[in-house]
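Visitor: I would like to learn how to read the features of a structure like this one, with the cut-offs stated as we go. Could you show me the general idea each time and then the case at hand?

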Amino acid sequence: MDRTARHSETRYGNRPTMKDVAARAGVGLKTVSRVVNSEPGVTPDTERRVQEAIDALGFRRNDSARVLRKGRTASIGLVLEDLADPFYGPLSRAVEEVARAHGALLINGSSAEDPEREQELVLALCARRVDGLIVIPAGDDHRYLEPEIKAGIATVFVDRPAGHVDVDMVLSDSFGGAREGVAHLIAHGHRRIGFIGDQPRIHTATERLRGYHTAMRDAGITVEDGWVSLGSTEPERVRAAAEEMLSGTEPVTALFAGNNRVTVTAVRVIAERARPVALVGFDDIELADLLGITVISQDAAAVGRTAAEHLFRRLDGADHATARVELPTTLIPRGSGELPPD
């Protein structure tokens with residue numbers, strides 16, 4: 001075997017063990033175990049020698065044995081819809097902060113809005129024995145989780161309800177937020193208001209559409225067929241819907257965008273047009289304050305933090321009835337939603 005092969009085998013194949021630490025420090029295995037697990041019964045001088053051996057060898061505790069002894073991995077899983085969506089950044093960070101405060105590791109992944117991928121990812125996390133799950137669901141039937149929940153996996157659903165399983169849920173008030181945003185446009189003189197939203201199978205999309213219809217009905221406005229468009233949030237689809245609503249002899253004078261990705265495309269379409277078009281978007285977007293975009297803002301960090309706190313209460317033994325928490329949204333007027341009809 002040449003020197004390179006020997007070096008590679010040593011570097012990548014042989015991780016230092018507690019036995020190695022004990023030999024280097026000149027102590028017994030039990031002493032090393034006490035230092036590694038922060039247990040009492042070790043003199044300061046001995047603890048120092050053990051720690052020096054740990055640092056010199058690059059030893060890391062193997063938590064697998066702890067899992068077998070305690071039945072807990074000190075880890076939780078977070079299943080998001082899309083890791084690239086800016087809404088999920090502060091949500092994920094808030095979950096991670098709560099997990100860290102409880103000494104737990106956060107493992108997250110994206111379902112890409114695919115129910116099959118969601119199920120595959122959730123079950124993979126369960127197979128790795130996470131203690132709990134926070135799920136932003138892509139599908140609407142979650143009975144596949146029943147065996148895991150019965151086995152003790154604490155579970156909280158976020159942003160959208162769980163389907164056919166009884167678990168804690170933390171949601172934003174999509175219906176109330178959309179109703180307030182559309183009523184805001186009506187209060188500024190608009191009666192021809194278009195709604196562009198996400199896929200109709202998604203709970204938040206249908207709730208925001210319901211809020212739109214309620215605000216229009218409350219104002220005595222009949223919604224015309226061409227004023228509503230649900231579907232993919234890909235820019236091409238949203239652009240086509242917006243351009244169609246803003247064209248013709250009687251175009252809409254305002255748009256309500258059903259989520260942040262729709263808002264971004266709507267801003268681009270409106271910027272290309274000669275006449276002003278009012279706009280309110282659901283979810284804040286980057287630079288919205290500088291661009292003067294009126295939004296219905298969700299507190300993503302509060303959603304994540306609330307979900308994580310519920311999860312750890314369950315992990316700590318809370319046995320109260322299943323909770324459904326709905327957090328309020330906030331209208332932030334910045335100019336685009338206050339434009340009068342042309």
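Guide: Let us begin with L291, which is found in helix 13; helices (H or I, at least four residues) and strands (E, at least two) are DSSP runs, numbered from the N terminus. This is a predicted model, in which local features need pLDDT of at least 70 and side-chain atom pairs count only at pLDDT 80 or more, whereas totals for chains, interfaces and linings use all residues. Residues are numbered from 1 along each chain as its sequence is written, and side-chain values use heavy atoms, with hydrogens and water left out.

Visitor: Is L291 buried or exposed, and why?

Guide: Buried means under 20% relative accessible area, exposed over 50%, and partly exposed in between (1.4 Å probe, protein chains only). L291 counts as exposed because its relative accessibility is 52%.

Visitor: Which residues make the nonpolar surface patch?

Guide: Patches are made of residues with over 30% relative accessible area and no salt bridge, like charges being joined within 9 Å and nonpolar side chains (Val, Leu, Ile, Met, Phe, Trp, Tyr) within 5 Å. A salt bridge is a side-chain nitrogen of Lys or Arg within 4 Å of a carboxyl oxygen of Asp or Glu, and accessible areas come from the Shrake-Rupley method with a 1.4 Å probe, where for residues only the protein chains shown count as cover. Here L287, L290 and L291 make a nonpolar patch of about 340 Å².

Visitor: How many salt bridges does the structure hold?

Guide: There are 15 salt bridges in the structure. One of them pairs R48 with D45 at 2.5 Å, N to O, and both residues lie in helix 4 (residues 44-57), three residues apart, about one turn of the helix. R48 counts as partly exposed because its relative accessibility is 41%, and D45 is likewise partly exposed at 41%.

Visitor: Where do the partners D284 and R334 lie?

Guide: The side chains of D284 and R334 meet in a salt bridge of 3.0 Å, N to O. That pair links distant parts of the chain, with D284 in the loop between strand 9 and helix 13 (288-291) and R334 in the segment after strand 12 (330-332), 50 residues apart. D284 has a relative accessible area of 29% and is therefore partly exposed, and R334, at 25%, is also partly exposed. Salt bridges that share partners also join E81, D85, E113, D159, R160 and R261 into one network.

Visitor: What span should helix 10 have, and which of its residues are buried?

Guide: The expected span of a helix is 1.5 Å times one less than its number of residues. Helix 10 (residues 203-218) has 16 residues and so should span 22 Å, which agrees with its end C-alpha atoms being 22 Å apart. Its buried residues are T204, A205, E207, R208, L209, G211, Y212, T214, A215 and M216, and what covers them includes helix 9 (174-187), strand 6 (193-197), strand 7 (228-230) and strand 9 (278-282). Just after helix 10, G220 takes a positive phi of about 75 degrees.

Visitor: Which residues is T233 in contact with?

Guide: Contact means heavy atoms within 4.5 Å. Leaving aside neighbours within four places in sequence, T233 is in contact with D198, V238, N259, R261 and V262. T233 is found in the loop between strand 7 and helix 11 (235-245), and T233 is buried because its relative accessible area is 13%.
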